[in-house]
Amino acid sequence: MLGLKLLTDPRWANIAESNLEEILTDHAWCEQKAATNAITLITNNSEHMDLVEELTAIAIEEMQHFQMVIEIINKRGYTLGRERKDDYVGRLVKFSRKDGSRNNSFIDRLLFAAMIEARSCERFRVLSQNIKDPELAKFYHDLMVSEAGHYTTFLNFARKYTIDVDVDKRWKEWLEFEGELIQSFGNKEAIHG
């Protein structure tokens, strides 16, 4: 369904589970950044009321996820660390088209968001199926379902609002790029790491 070119090795869950405080901190900040991205898309494209309404709901949901992760961190006696630089996301940003028309940038920002949601969904699936902690396994299963919905929302808006971008062709380019990129990741306790 997600079309990802390379799936995460299930052993990544063991790396993540070896330092739950780190993976949960990283996860919390990923949720915050997802909410910020949705708000940025709203701010820059407020003429599309259906997008505003849908992405407002996503931004709220992402902050609820942030809150849920914070509650798990607190319950376990962990400390929320500082925000981490996400090299994976940074490389995706560099791949994004920023030149060309306003519509080109808008569509690529939607595809950027869809890509991150797709990989997050896949990583949550790996965690839900491989982590030994039953509470976290259920938590990540529930988030996996949510992220799949977000992925399709962003992709559908790209298809709806394109003017001169072949969205399916560009999405394939995103998938190819990400398939190469993700080969460098999956060896540390970070959602995209």
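Select Arg11 first. Arg11 is exposed, at 58% relative accessible area (exposed means over 50%, buried under 20%, partly exposed in between, with a 1.4 Å probe and protein chains only). Asp9 is partly exposed, at 35%. The two form a salt bridge, with their closest N and O atoms 2.5 Å apart. A salt bridge here is a side-chain nitrogen of Lys or Arg within 4 Å of a carboxyl oxygen of Asp or Glu. Side chains of opposite charge can pair when their charged atoms come close.

A note on the model: it is predicted, so local features need pLDDT of at least 70, side-chain atom pairs count only at pLDDT 80 or more, and totals for chains, interfaces and linings use all residues. Residues are numbered from 1 along each chain as its sequence is written, and side-chain values use heavy atoms, leaving out hydrogens and water.

Next, select Lys33 and Glu83. Their side chains meet in a salt bridge, 3.6 Å from N to O. Which parts of the chain does this pair link? Lys33 is in helix α2 (residues 20–44), and Glu83 is in the loop between α3 (49–75) and α4 (87–95). They are 50 residues apart. Helices are DSSP runs of H or I with at least four residues, and strands are runs of E with at least two, numbered from the N terminus. Lys33 is partly exposed at 26%, and Glu83 is partly exposed at 49%.

Move to helix α5 (residues 102–130) and pick Arg119 and Glu122. Are they buried or exposed? Both are buried. Their salt bridge has an N to O distance of 2.9 Å. The two are three residues apart, so about one helical turn separates them.

Now select Lys75, Arg76, Asp133 and Glu135. A network of salt bridges links these four. Stay on Asp133, at the start of α6: one of its side-chain oxygens reaches to within 3.0 Å of the backbone nitrogen of Glu135. Then follow α6 itself, residues 134–161. Its 28 residues reach 41 Å from first C-alpha to last, close to the 40 Å expected at 1.5 Å a residue (1.5 Å times one less than the number of residues).

Finally, show the whole chain. How many helices and strands does the chain have? There are seven helices and zero strands. The C-alpha trace spans about 50 × 30 × 25 Å along its principal axes. Buried residues make up 51% of the 193 residues. Salt bridges come to 18.

Conventions: A polar contact is a pair of N or O atoms within 3.5 Å; within protein, one must be able to donate a hydrogen and the other to accept it, and residues adjacent in sequence count only if both atoms are side-chain atoms.
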